Amino acid sequence: MQHEITRAIPLLDEHGNLTEPGFARCLLPVYDRTKVKGGFARLKEWDYYYVGNDRFGIALTIADNSYMGLDSISFLSFEGTPWEITKSPMSVFPMGKTGLPPTSKEGVTAHAGKGYEMKFTVADSKRRLTAHMDDFKDGQPIDIDVTLSDEPEESIVICTPFEKKAHFYYNQKINCMRASGTVKIGTQTFVFDPAESFGVLDWGRGVWTYHNTWYWGSASGLADGVDFGFNIGYGFGDTSAASENMLFYAGKAHKLSRVTFNIPMKDGKEDYLKPWTFTSDDGRFEMDFVPVINRASCTDVGLIKSDQNQVFGRFTGTVVLDDGTKLAIRDLMGFAEKVENKW
């Protein structure tokens, strides 16, 4: 079952539950923080952007998770011997004071701390991402100024309830935005050319349960010269109304059913840097994945734990659009991850 939300509705009812679980192709449900009933200490809000091409990428996060705030800057190099650096300053008890906007369509998401500042500005159909950190790589600063444009008409919006009352996840993923701008690390400059560089937004608002695991995969690029991307994922909440799996082709969204991540195992544990496969119950997403680098991190401080493996690599396989058209995908750079949180 894939229930589509086709009209603007309040996201939450008077009890803090979702009014209509399902998916939409744009941000139709209206998010209102004052209607949250599951406890503001459990409310988690974040804006995450990944921008990349075949050679390098950046990941930027501003998150207000109520009792814990997180800002993160990552740079990844896929050429030669791959490498990555991630710096993620944390703060305590922001409790919503970060002021993340209630919509992804407009507004400013910004935060700063000792030796760094970040700002995401959404206006005039563009998204400008700026960031600075004094000490990023070998004592050198990083400066980021990137603009995302050509936002496609359709995206994936998902309204997922949890079994616990007044707990929910409201999420939008926007793929295939064109990226232009620069990243400077010390004296070295990396340039995003919009002909080959793409961005994705992961916009999340929700009241989460304490312990959960998610799988997420995403890629944006070109298929025979046409903008193409996908969003796949599962692992938490009640997804009986709809999955978050979607193809994007020439600005239009094509809904998929269930997709399974087949991560290789060794000695009873995931072997993340070995080749993966992805399969679907409807036969419309069959993909091989060759990892390049694992952006892995594990934070474990008592009651709070986050074990993350975000693996960047190249996807090759076949997808099928809603009208039955088959597309052959070759070496499309993207990522797939498994994340376990106790938060």
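Residues are numbered from 1 along each chain as its sequence is written, and side-chain values use heavy atoms, with hydrogens and water left out. In this predicted model, local features need pLDDT of at least 70 and side-chain atom pairs count only at pLDDT 80 or more, whereas totals for chains, interfaces and linings use all residues.

Strands are DSSP runs (E, at least two residues), numbered from the N terminus, and two strands pair if DSSP finds at least two bridges between them. Strand S3 (residues 56-64) is joined to S4 by nine bridges in an antiparallel arrangement. Within this pair, Gly69 of S4 lies opposite Asp64. The two strands form a hairpin with three residues between them, and Ser66 in the turn has a positive phi of about 70°.

Strand S4 (residues 68-77) is mostly covered, with nine of its 10 residues buried; buried means under 20% relative accessible area, exposed over 50%, and partly exposed in between (1.4 Å probe, protein chains only). S4 also runs antiparallel to strand S5 (residues 83-87), to which five bridges join it, with Ser74 opposite Thr86. Five residues separate the strands in the hairpin of S4 and S5, where Gly80 takes a positive phi near 60°. Three further bridges connect S4 to strand S6 (residues 90-92), again antiparallel, and Leu70 stands opposite Met90 there.

Strand S8 (residues 116-123) has a covered face made of Tyr116, Met118, Phe120 and Val122, while Glu117, Lys119, Thr121 and Ala123 make up the uncovered one. S8 pairs in the antiparallel sense with strand S7 (residues 107-113) over seven bridges, and with strand S9 (residues 126-137) over eight bridges. Phe120 is the bridge partner of Thr109, and Leu129 in S9 is the bridge partner of Phe120. The hairpin of S7 and S8 has two residues between the strands, and Gly115 takes a positive phi near 80° in it. S8 and S9 likewise form a hairpin with two residues between them, in which Asp124 has a positive phi of about 55°.

Asp64 counts as buried, at 2% relative accessibility. The side chain of Asp64 reaches the backbone nitrogen of Gly96 at 3.0 Å. Neighbours within four places in sequence aside, Asp64 is in contact (heavy atoms within 4.5 Å) with residues including Leu43, Lys44, Glu45, Pro94 and Met95. Pro141, 77 residues apart from Asp64 along the chain, has its C-alpha atom 25 Å from that of Asp64.

Ser218, in strand S15 (residues 211-223), is also buried, with a relative accessible area of 2%. Its side chain makes a polar contact with the side chain of Asn175 at 3.2 Å. A polar contact is a pair of N or O atoms within 3.5 Å; within protein, one must be able to donate a hydrogen and the other to accept it, and residues adjacent in sequence count only if both atoms are side-chain atoms. With neighbours within four places in sequence left aside, the contacts of Ser218 are Asn175, Val200, Phe230, Phe315, Gly334 and Phe335.

A search of the whole structure finds zero disulfides, a disulfide being a pair of cysteine sulfur atoms within 2.5 Å. For Cys159, the nearest cysteine sulfur is that of Cys26, 11 Å away. Cys176 is in no disulfide either, and the nearest cysteine sulfur, that of Cys26, is 17 Å away. Cys159 is buried at a relative accessible area of 4%, and Cys176 is buried at 5%.

Definitions and conventions. Helix = DSSP H or I, 4+ residues; strand = E, 2+ residues; numbered from the N terminus.
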